[in-house]
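Here is a short briefing to read alongside the model. Have the viewer open, and pick out the residues as they come up.

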Amino acid sequence: MKRMEIGEFMGKISEHKTVGEYIIKGREYEKDGTLISALNCYLSALSLDSEHRFALYRVGAIYYELGNYESAIYYLEEAIRLSPNQLDAYSYLWNCYGKLGDYKKAVEIINKALNVDSNYKKAKQMKTEMTNKLNEIYLIRGLECFKNKNYNDAISYFKDYLSIMPDCGKCYYYMGTCYFVLGKYHDAISNYTKCVKLCPDEYKTMILKRIGMCHFNLNDYKNTIQKLSLIDNQDVESMYYIGMSYLKLGDAKKAESLFKKIISCNSNICLLKGDTGDYCYKIGKEYYLLKKYNKAIEYLNKSIELKPKNTGFWSFKGKVCYEMGNYHESEKCFKKVLSKNKNDSVAIKYLEKIKKKLHSKTSSHKKYGKSKEYGSKDYNLADNSTNINTKSIAKAQSNIRPYNNYKTKDNNYKTTYYKRLNKSQYYEHMVNKKCGNSFISTLKIQLSKIGLVNKNLAKALILEQKVKEYYNKRDINSMVDTYEKIIDLLPNKKSDKYKIVKAKYMYFKGIYHIINKQYKVAISDIETATNIFSELKLIDCMLISMSSQIFAMKYINESKVPDYINKLKMQYELDSISNIEKYEAYYNINIDYYKHKSKICRRNKDYSLAMLSSEKEMKWAEKAYNKFKNKNFKKAMLHATRMYWNTLAKYNESLRLYEDAYKCYMDSGNIAKEMGNLRMAYEEYARAYRCKALVNFKDKDEFIKYVDNAIEYALKSKKDEVINYIYGFKYENLAANIHCDSIDEAIGNLKKAYEYYIKSDEYNTAVVRVKYHFLNAKLNWTKQKYEEALSEINKAQQIYNECSVKKRFLLARISSDKLLYEFYVLLKKGEISSSIGKLRDYLDTFVGKGKHSKKYKFFNTLYLGMVLLAEGDYNYETISKIDELKACAKDNELNNLYKY
């Protein structure tokens, strides 16, 4: 006998044929409290007239009473669409949204009701209640995101809260802090300023400090001093930032007075004594960058005094002592580091250097003795005095022959070459060639004897020689200072010589700012240099300067690098310059363009465009390598090829073509191996075998075999993120139904997966957490702990929504099981009508082949039986239908049902 469908039951409830009669019968059932029968009458009316406003309204209202809020919303919205002035429908509708926790939508419905009737008291009362709930949710979620360091989401929630409560100073404070942490200092200042106006006392000190720090990070040092000076009781942090601001502005005396206070301060000043040590270390580091080593040592000694166990402080002091040439003190510091950490690579490296230096110094003394020519304290290269011994002067004089007396016996080329030089050029050439670094101090004497060059040019010539020294030592700060002095000495400000020196000055000044991470200032300085080089048509220098600008832009906003390169190309019309392809820097700029474009596209998961960019990067690098035979271009070519295969692998992964992804990762790893980057190669091999494991997912033994191969390569890569990710991947997939004998085993595997994933930055742990709570809910359901099951499934849904998990099938399963658990909870409480509504909603979640499953047949039969029993009129016909259902259950082997 065929089992009967719900439509057949609805058709046999009544013999009435007109809409009006169904409505009247429905009203009678409502008065008697039999809501299911009333619902069926109204649905029958709608089957005759789908736009009957009262029937739509009552169906929505009954669904609300039964707890089926989603269905209620559908019918109530239809009723309001047909009858916009029906206030009771609005009331039910906003309550539905309220029950679902969508208070924002509820407030929108209330506002629509108030537009219909501005004096609707119920709407006014509910608006206040819903608004308060909405505000509470926004604030709580914002604070939760803030606590979990999810600052972008926190800002979104705080903005929603402030749109309703614009006078909440506390909210502005938290939002400002989010912007501060994200490095958006202008937005942070704006929010902190609003907070001060709304709650001037509670957060004043902290906010002023944060505003000052924002200005400092924006290189606005004057405003930093102004804001931090308003704080009544200065703490260590405030004094540090004010002092650093004075130092950046060039007022060393004021900076030093504040730094002295920090040294002398104790734990009574706001921050702890240990924090004072941190700031002393930072001050020492800044003085080190300024090449003021004695000052740096003074503050580093204080930081070590306060925190003697901090190996970082000892290591940095050792580095400073090494730069000063105080090798014995440096050796002591690095030995101190090794006593606490035997494997410190920096300390080991410096101790080897110190050993060589001390050995060479001893050898030098043995060979030359302590003669004044090589080791005297009177001989100082950096000193401008003329305290030089006579042997050095004689040697210098012999090295520079007079211009008119220069003769060679055999080398005619040299003779003609020097005849083509004027006297000034000749002496400059000979100074550079013969005197070298050892005789710079004698140049003043020699040039004073030569009456051909004025004193300023002589000084400039000496300083230019010093610049070469500093360049070899990579002492950029000294180079910048020296170029500045040369600019002041050059007499003709319009000459090409002056412009070139100024361009070099601006370029190296920009490089100095890059070293100090002041990228915006660096771009401004280097741009000036680029413009001068362009004006003088020094194409090679211009291109190198442009490359440095691009490098700085990478740290400001990497996503804007391709646009910035295009802008530079158009500004300087690179493609129109003749013979531009003979310069290596031109190829570097084009390679950089496609390299960053590819990187951005990969980040945005636009894999097709990323592969196209990698191909073009490869072609430019190959062309450059064939032309210049520079090994760097060979590396760029291999890098582009590797990234192409890596991107193609990710693209195949996104399409679940794991076999193709496996091959691409293997190719990527092979190229990394060719580049000599074994760690990267092993990392790619690990990813390849992970994909191979997914190909064989259904075969547990094969799956484990390939995952173990992936783990083997991950361990070889020595990269903790990859190792932990592969282990997490293994246990997450072993938690699948086909690999587990019980739910407990699956939950255990998910716990292990979570422990590994949490240590890796490569994976969002939210998916595992959702699966964990989902399986816990299922376990509780099997143990008939329905309330606990519902609680666990709600946790899973909350994590899914908050963490933006992009797995729709998982959400569908959560929503479906939630309805089932709600059905059992209501049934356990004896709320039969409401439980029937939930069971019906649960059955609606089955689609396609799901409707032919045994699970669907079981619950559908249960639903039909419960509808019959809910009628309460047990006549012969009802008993007959129940017998039919039992027979149907037995035929389909629905054991748990037909026994009842």
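Is Glu-331 buried, partly exposed or exposed? With a relative accessible area of 23%, Glu-331 is partly exposed, where buried means under 20% relative accessible area, exposed means over 50% and partly exposed lies in between, using a 1.4 Å probe and protein chains only. This is a predicted model, so local features need pLDDT of at least 70 and side-chain atom pairs count only at pLDDT 80 or more, while totals for chains, interfaces and linings use all residues. Residues are numbered from 1 along each chain as its sequence is written, and side-chain values use heavy atoms, with hydrogens and water left out.

**Overall picture**

- The protein has 46 helices and 0 strands; these are DSSP runs numbered from the N terminus, with helices being H or I of at least four residues and strands E of at least two.
- Of its 900 residues, 46% count as buried.
- Taking contacts between residues at least 6 apart in sequence, 54% join residues at least 24 apart, where contact means heavy atoms within 4.5 Å.

- Two packed helices are described by the angle between their axes and the distance between the axes.
- Axes here are lines fitted to C-alpha atoms, for helices over the stretch in contact, and angles run from 0 to 180 degrees between N-to-C directions.
- H2 and H4 have axes 11 Å apart and pack at an angle of about 25°, which makes H2 roughly parallel to H4; angles under 35 degrees count as roughly parallel, over 145 as roughly antiparallel, 65 to 115 as roughly perpendicular and the rest as oblique.
- The contact between them is made by Ile-23, Arg-27 and Glu-30 of H2 and by Phe-54, Ala-55, Arg-58 and Ile-62 of H4.
- H2 passes H4 in a left-handed crossing, meaning that the near helix is turned anticlockwise from the far one by less than a right angle; clockwise would be right-handed.
- H4 also packs with helix H6 (residues 87–99), at an angle of about 35° and with the axes 10 Å apart; this crossing is left-handed.
- On the H4 side, Tyr-57, Arg-58, Ala-61, Tyr-64 and Glu-65 meet H6 residues that include Tyr-92 and Lys-99.

**Salt bridges**

- The whole structure holds 25 salt bridges, each a side-chain nitrogen of Lys or Arg within 4 Å of a carboxyl oxygen of Asp or Glu.
- Arg-58 and Glu-30 form one of them, with the closest N and O atoms 2.4 Å apart.
- This pair links distant parts of the chain, 28 residues apart: Arg-58 lies in helix H4 (residues 53–66) and Glu-30 in helix H2 (residues 19–32).
- Both Arg-58 and Glu-30 are buried.
- Glu-331 and Lys-335 meet in a salt bridge at 3.6 Å, N to O; because they are 4 residues apart in helix H19 (residues 327–340), about one helical turn separates them.
- Lys-335 is partly exposed, at a relative accessible area of 49%.
- Glu-792 and Lys-795 meet in a salt bridge at 3.8 Å, N to O, and they are about one helical turn apart because 3 residues separate them in helix H41 (residues 786–802).
- In that pair, Glu-792 is buried at 14% relative accessible area, whereas Lys-795 is partly exposed at 37%.
- Arg-642, Glu-683, Glu-684, Arg-687 and Lys-719 are linked in a network of salt bridges.

**A buried Glu without a salt bridge**

- Glu-617 sits in helix H33 (residues 607–628).
- Although buried, Glu-617 has no salt bridge, and the nearest side chain of opposite charge, Lys-595, is 5.7 Å away; Lys and Arg count as positive and Asp and Glu as negative, while His and the chain ends are not counted.
- Beyond neighbours within four places in sequence, Glu-617 is in contact with Ile-591, Tyr-594, Lys-595, Ala-636, His-639 and Ala-640.

**Trp-314**

- Trp-314 belongs to helix H18 (residues 311–324) and counts as buried, at 16% relative accessibility.
- Lys-336 is 22 residues from Trp-314 in sequence, and their C-alpha atoms are 7.2 Å apart.
- Leaving aside neighbours within four places in sequence, the contacts of Trp-314 include Ile-304, Pro-308, Cys-333 and Lys-336.
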